[in-house]
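Dear colleague,

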Amino acid sequence: MEAVALNDVLPPDVMQGAMLRGNEYGWSVSSFPDALASAEAHGYGCLGGQFQFRLYDGGTCEMYWLAADSKERADGESWLDYSHRSCSEVLNKFQHLMSATDFKKEASSWPFQIDPAKSLVFVAYFVTESELAELRKSVVR
């Protein structure tokens, strides 16, 4: 998924605990729930995200199979309802994956040494109502 441009202008409280790598922001797993709550309070929706190990050398080990995504906005769903629902869905899936996943085992499956306690992040994508409409248009084209 391409990073949504608005990440450059997210409010500071949403950016708390985020680190930029390439064109994606990843939050420490301890800071993500607060960032998600702040994003919702500012009226953002959350498309979801995935876990990654970010290595000291600049490498990234993506775990696309460990995704916490929200369902698409339903026709007629108000933005306020979508914002709340999408953030809630992502939080629930994030928390489930945090409790059900053995990240040490995931780290050991890569061909090099990874310390999951220091390198695990959650990359998330936040959108405004107008940005989501633009994304939908670009997908339809």
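The second largest pocket has a volume of about 210 Å³. Here a pocket is an open set of points on a 1 Å grid over the protein atoms alone, where a 1.4 Å probe fits, with protein on both sides within 12 Å along at least five of seven lines; lining residues have an atom within 4 Å of a point. The volume is the space filled by probe spheres set on the points, which are joined across faces, edges and corners. Of its 14 lining residues, Met19, Lys118, Ser119, Leu120 and Val121 are the closest to the centre. Helix H5 (116-119) gives the largest share, 4 residues.

This is a predicted model: local features need pLDDT of at least 70 and side-chain atom pairs pLDDT 80 or more, while totals for chains, interfaces and linings use all residues. Residues are numbered from 1 along each chain as its sequence is written, and side-chain values use heavy atoms, without hydrogens and water.

There are 11 aromatic pairs (rings of Phe, Tyr and Trp, the last by its six-membered ring, with centres within 6.5 Å; planes under 30 degrees apart are stacked, over 60 edge-to-face, the rest tilted). Phe51 and Phe122 form an edge-to-face pair, 4.9 Å centre to centre with 65° between the planes. This pair links strand E3 (residues 45-54) to strand E5 (residues 120-127), 71 residues apart (strands are DSSP runs of at least two residues, helices, H or I, of at least four, numbered from the N terminus).

Yours sincerely
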